[in-house]
Amino acid sequence: MGLIIIVVSWVIFLSIAIDLFGDGLMIGTSLTIAPHLGVVLVSGRVVAHIPEGFVTNAEFKSQNMPRTQRFWLLAAFLIPVWLGATLGYWGLRGQTDLPKLIVLAFTTGTLMVAIVEEIIPEAHQTQDTNLSTLTFIGSFALSMLFSSYLE
């Protein structure tokens with residue numbers, strides 16, 4: 001049973017790292033299109049990944065992993081983001097818009113597939129309440145407000 005918990009923790013870590021690589025790829029590609037687009041993406045992705053950091057930290061903490069090791073694992077999440085951003089930026093800098101838009105569409109599409117196939121069905125296993133609906137609408141409105149403010 002203990003081995004299964006350890007494997008699950010590392011699978012969570014690896015899946016977040018892969019997601020962060022895709023985010024980095026979108027950020028680097030966006031920077032080649034318009035610098036302000038890259039800044040907006042970075043701002044949004046930092047906020048979006050805070051809960052994942054808490055989950056990863058809690059999972060490794062439940063295995064009695066020392067605090068310094070957990071800190072270094074969380075800091076290691078910077079590697080896939082920087083790698084993706086570097087590949088996206090330097091690989092597509094100077095290219096026409098078509099390859100850039102293809103990379104953005106591909107990475108966005110993979111994220112949408114993950115959301116539709118994994119997250120939405122899991123979220124609907126419980127009964128929706130008025131508060132959860134209001135929270136969803138409010139967070140969407142707040143996100144639109146921030147994005148229009150940054151433009």
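Reader: Which residues is Leu 20 in contact with, leaving aside its neighbours within four places in sequence?

Author: In this predicted model, Leu 20 is in contact with His 49, Phe 77, Pro 80 and Val 81. Contact here means heavy atoms within 4.5 Å.

Reader: What makes the largest nonpolar core, and how many residues has it?

Author: The largest nonpolar core has eight residues: Phe 13, Ile 16, Ala 17, Leu 20, Phe 60, Met 65, Leu 73 and Phe 77. Such a set needs buried residues joined through side-chain atoms within 4.5 Å. Helix α1, residues 2-33, gives the most to this core, with four residues.

Reader: Why is Ile 33 called partly exposed?

Author: Its relative accessibility is 34%. Buried means under 20% and exposed over 50%, so Ile 33, at 34%, counts as partly exposed. Ile 33 is found in helix α1.

Reader: Which residues make a nonpolar surface patch with Ile 33?

Author: Leu 37 and Leu 101 make the patch together with Ile 33, and the patch is about 230 Å². Patch residues need over 30% relative accessible area; Ile 33 has 34%.

Reader: Why is Arg 45 called partly exposed?

Author: Arg 45 has a relative accessible area of 25%.

Reader: Where is Arg 45 found, and which residues does Arg 45 touch, not counting residues up to four places away in sequence?

Author: Arg 45 lies in helix α2, residues 35-48. Arg 45 touches Asp 19, Asp 23 and Ile 27. The C-alpha atoms of Arg 45 and Gly 24 are separated by 9.3 Å, and these two residues are 21 residues apart along the chain.

How values were computed. Residues are numbered from 1 along each chain as its sequence is written. This is a predicted model: local features need pLDDT of at least 70, side-chain atom pairs count only at pLDDT 80 or more; totals for chains, interfaces and linings use all residues. Side-chain values use heavy atoms; hydrogens and water are left out. Helices (H or I, at least four residues) and strands (E, at least two) are DSSP runs, numbered from the N terminus. Buried means under 20% relative accessible area, exposed over 50%, partly exposed in between (1.4 Å probe, protein chains only). Patches are made of residues with over 30% relative accessible area and no salt bridge: like charges are joined within 9 Å, nonpolar side chains (Val, Leu, Ile, Met, Phe, Trp, Tyr) within 5 Å. Accessible areas come from the Shrake-Rupley method with a 1.4 Å probe; for residues, only the protein chains shown count as cover. A salt bridge is a side-chain nitrogen of Lys or Arg within 4 Å of a carboxyl oxygen of Asp or Glu.
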